[in-house]
Amino acid sequence: MEALRFHWGSALDSGQKKSTEQYRSDLLDLDGAIEYAQDAEALGVESLLMAQSYSLPDPLPVIGALARETRRVKFILAYRPGLMSPTLFTQIVNTLSWMSDGRIALNVVAGISPAEQAYYGDFLAHDDRYARAGEFLDILHRFWRGETPMSYEGRHYRLEEAQLGLGHKGGGRPEIYISGASAVAQHTAVTHGDCWFRYGDTPAEIAKAAEPLLAQGTEVGVRMQVLARRTREEALADLAEVMSETDENHREFVARFVAAADSQAVKNSFRLADESDHGWLSPLIWSGAVAYRGGPALCLVGSYAEVAAYLMEYKAAGVSQFIFSGWPARDEMRHFFTEVVPRVRELEQRAQSPLAAR
């Protein structure tokens with residue numbers, strides 16, 4: 001089997017905030033974001049996920065800036081179809097591919113909150129947003145296959161003799177990740193994507209969800225948090241420290257946001273947290289931060305060795321890629337890539353050795 005691939009959540013600042021400290025949406029610390037990306041590159045992070053939200057700076061110009069200050073780390077652009085035309089979006093992604101020497105991938109999401117979508121003038125229901133995403137991706141694929149000039153007549157998009165001068169650098173196209181837990185999200189991943197990304201759960205539950213997608217040739221990835229230390233006792237102590245000053249006002253805000261959301265992925269993460277009484281979903285999966293940080297905050301907690309071994313259980317369940325984040329983001333990234341990833345590689349090597357097969 002191929003080696004597990006590890007990506008990390010971006011920070012649009014220096015990445016030193018605790019779990020209870022919220023990102024300041026009224027400023028952009030570009031110098032801090034550049035330092036963070038350069039640190040990620042030095043640590044061997046494959047890609048940084050550049051999130052999209054009304055509460056964050058737009059990721060497109062930020063990727064352009066970070067690409068000029070790095071050489072190896074890739075950038076996964078999260079994007080919601082419906083905010084711009086597919087022709088213009090393809091043009092922008094192609095441009096970024098040249099600016100970054102091909103270090104660009106896409107994470108297509110349909111949106112998790114009707115209220116937030118309405119901020120941008122989008123009032124489509126959940127399944128209709130995925131139908132639009134399917135048309136959007138169909139057009140992107142056609143551009144990247146060289147079908148120009150291209151005319152397209154769909155329910156959501158109409159193009160006439162569309163063409164672009166600048167193609168994707170090196171030909172081909174970016175890797176495409178599709179996020180979501182619903183059946184329509186999974187169908188979109190199989191039809192238009194390379195990898196289906198979902199929020200965390202136990203390896204056993206992930207295996208059940210992954211089986212039909214793997215059977216159709218689509219990779220499966222998981223997005224969650226991680227907190228790993230030299231010993232389990234140290235990990236639990238640091239977990240208590242980062243959650244020592246919880247913001248109950250923000251918890252109430254998150255609860256209202258989730259109540260209004262129509263994302264199955266988000267609601268499933270909160271259901272898991274509720275069922276575990278915001279405690280341990282398994283010996284290594286803690287759900288207590290979900291109420292404060294949302295769906296991706298299911299967290300792997302343990303010693304370096306415990307977390308590495310648990311990741312191999314996910315690999316056995318069919319997972320091939322992870323997007324992790326932590327608290328503070330930059331410190332946890334360093335713990336993970338200097339201590340956990342080498343242990344994972346050692347376990348992978350052992351699993352592939354001739355003696356291991358006997």
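**Cores, helices and backbone**

Author: Start with the core. The largest nonpolar core has 97 residues, and Trp8, Leu300 and Leu311 have the most contacts inside it. A nonpolar core is a set of buried Ala, Val, Leu, Ile, Met, Phe, Trp, Tyr and Cys residues joined through side-chain atoms within 4.5 Å. Buried means under 20% relative accessible area, exposed over 50%, partly exposed in between (1.4 Å probe, protein chains only). This is a predicted model: local features need pLDDT of at least 70, side-chain atom pairs count only at pLDDT 80 or more, and totals for chains, interfaces and linings use all residues. Residues are numbered from 1 along each chain as its sequence is written, and side-chain values use heavy atoms, without hydrogens and water.

Reader: Which residues does Leu300 touch, not counting those up to four places away in sequence?

Author: Contact means heavy atoms within 4.5 Å. On that count, the partners of Leu300 include Met224, Val226, Leu284, Tyr310, Leu311 and Phe324. A second, separate core of 8 residues includes Leu49, Tyr177, Phe197 and Ile323.

Reader: How do I read a helix pair? At what angle do the axes of H1 and H13 cross?

Author: Helices (H or I, at least four residues) and strands (E, at least two) are DSSP runs, numbered from the N terminus. Axes are lines fitted to C-alpha atoms, for helices over the stretch in contact, and angles run from 0 to 180 degrees between N-to-C directions. Here H1 (residues 30–43) and H13 (residues 329–352) have axes that come within 10 Å and cross at roughly 5 degrees. The two helices are therefore roughly parallel (angles under 35 degrees). H1 brings Glu35, Tyr36, Asp39, Ala40 and Leu43 to the contact; H13 brings Ala329, Arg330, Met333, Arg334, Phe337 and Thr338.

Reader: How many residues of H2 are buried?

Author: In H2 (residues 59–68), 7 of 10 residues are buried, so the helix is mostly covered. Among them are Leu60, Val62, Ile63 and Leu66. The buried residues of H2 pack against H1, strands E2, E3 and E4, and helix H3.

Reader: Now the backbone. Where are the cis peptide bonds?

Author: Look at omega. Pro149 sits in the loop between H5 and E5. Another joins Trp327 and Pro328, with omega about -25 degrees. Pro328 is in the loop between E12 and H13.

Reader: Is Asp277 buried or exposed?

Author: Asp277 counts as exposed, at 66% relative accessibility. Its phi is near 55 degrees, a positive value in a residue other than glycine.

Terms used: Angles under 35 degrees count as roughly parallel, over 145 as roughly antiparallel, 65 to 115 as roughly perpendicular and the rest as oblique.
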